[in-house]
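Visitor: I'd like to learn how to read a structure like this one. Could you walk me through it?

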Amino acid sequence: MTDELTPSQYVVLGLIARNGPMTPYELKGRIEQGVENYWPIPHAQLYRDPPRLAELGLLTERAEEHGRRRRVFHLTDAGREALHRWLADPTSSPPETRNPALLKLTFTDLASPAEVAALARTQAARHRQWADAYRQRLADLDPADPATASRTRLLELGIRHEQNYVDFWETLAAESA
């Protein structure tokens, strides 16, 4: 049954495993701080996934007794096992890339050199900003946090990825000018 989980459902399991019981609103905040840069999840999905995971026995749901009576989701042993099986599987589906700039790049033979150079300069600047943001996040990591090692790996990959984009777009801008 857990073989049918979606990537966003695994994200929910992973965030609750790492951070403890959470509400969908708290999940939304964690997504914005982490995976959203490379795996955007619609906020509505973060309100649908936890109840579905509870139906599957991978989470339990408890309503707060006082205040707003928010729905708080807790990881079950079955949820931890499903997350572990997913993490232990070295395979993954092919990456998904939806990049509007790459769509434009596909048709740059139909644009003027000045338009290509403008696109390239804009994209280089955007990717430079993202690389700098990842560098700042890397510098801000807490060495005492057990998740720092995995976050460091991810941020280092993100920095390299963005730097490759910067290098490509800067070269294209120079060649097109």
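Visitor: Let's start with two helices: how close do the axes of α1 and α2 come, and at what angle do they cross?

Guide: Before that, a word on the source: this is a predicted model, where local features need pLDDT of at least 70 and side-chain atom pairs count only at pLDDT 80 or more, while totals for chains, interfaces and linings use all residues. Residues are numbered from 1 along each chain as its sequence is written, and side-chain values use heavy atoms, with hydrogens and water left out. Helices (H or I, at least four residues) and strands (E, at least two) are DSSP runs, numbered from the N terminus. An axis is a line fitted to C-alpha atoms, for helices over the stretch in contact, and angles run from 0 to 180 degrees between N-to-C directions. Here, the axes of α1 and α2 come within 11 Å and cross at roughly 95°.

Visitor: What do we call that arrangement of α1 and α2?

Guide: Under 35 degrees counts as roughly parallel, over 145 as roughly antiparallel, 65 to 115 as roughly perpendicular, and the rest as oblique. So α1 is roughly perpendicular to α2. Contact means heavy atoms within 4.5 Å, and here V11, V12, L15, I16 and N19 of α1 meet L27, R30 and I31 of α2.

Visitor: And where do the axes of α1 and α3 stand?

Guide: They come within 10 Å and cross at roughly 75°, so α1 and α3 are roughly perpendicular too. On the α1 side the contact uses S8, Q9, V12 and L13, and on the α3 side Q45, L46, D49, P50, R52 and L53.

Visitor: Which residues of α1 are buried?

Guide: Buried means under 20% relative accessible area, exposed over 50%, and partly exposed in between (1.4 Å probe, protein chains only). In α1 the buried ones are S8, Q9, Y10, V11, V12, L13, L15 and I16. They pack against α2, α3, β1 (59-63), β2 and α4. Take Q9: its relative accessible area is 7%, so Q9 is buried. Leaving out residues up to four places away in sequence, Q9 touches E4, D49, R52 and L53.

Visitor: What about K28, buried or exposed?

Guide: K28, which lies in helix α2, is buried, with a relative accessible area of 18%. Beyond its neighbours within four places in sequence, K28 is in contact with H43 and L46.

Visitor: Which residues touch the most other members of the largest nonpolar core?

Guide: A nonpolar core is a set of buried Ala, Val, Leu, Ile, Met, Phe, Trp, Tyr and Cys residues joined through side-chain atoms within 4.5 Å. The largest one has 21 residues, and L13, I16 and L59 touch the most other members. Its largest share, six residues, comes from α1. Not counting residues up to four places away in sequence, L13 touches L5, L53, L58, L59, L75, G79, A82 and L83. There is also a second, separate core of nine residues, including A120, A124, Y165 and L172.

Visitor: How far apart are the end C-alpha atoms of helix α6?

Guide: The expected span of a helix is 1.5 Å times one less than its number of residues. Helix α6 (residues 113-140) has 28 residues and should span 40 Å, and its end C-alpha atoms are 40 Å apart, which agrees. Its buried residues, among them V116, L119 and H127, pack against α5 (100-106) and α7 (148-176).
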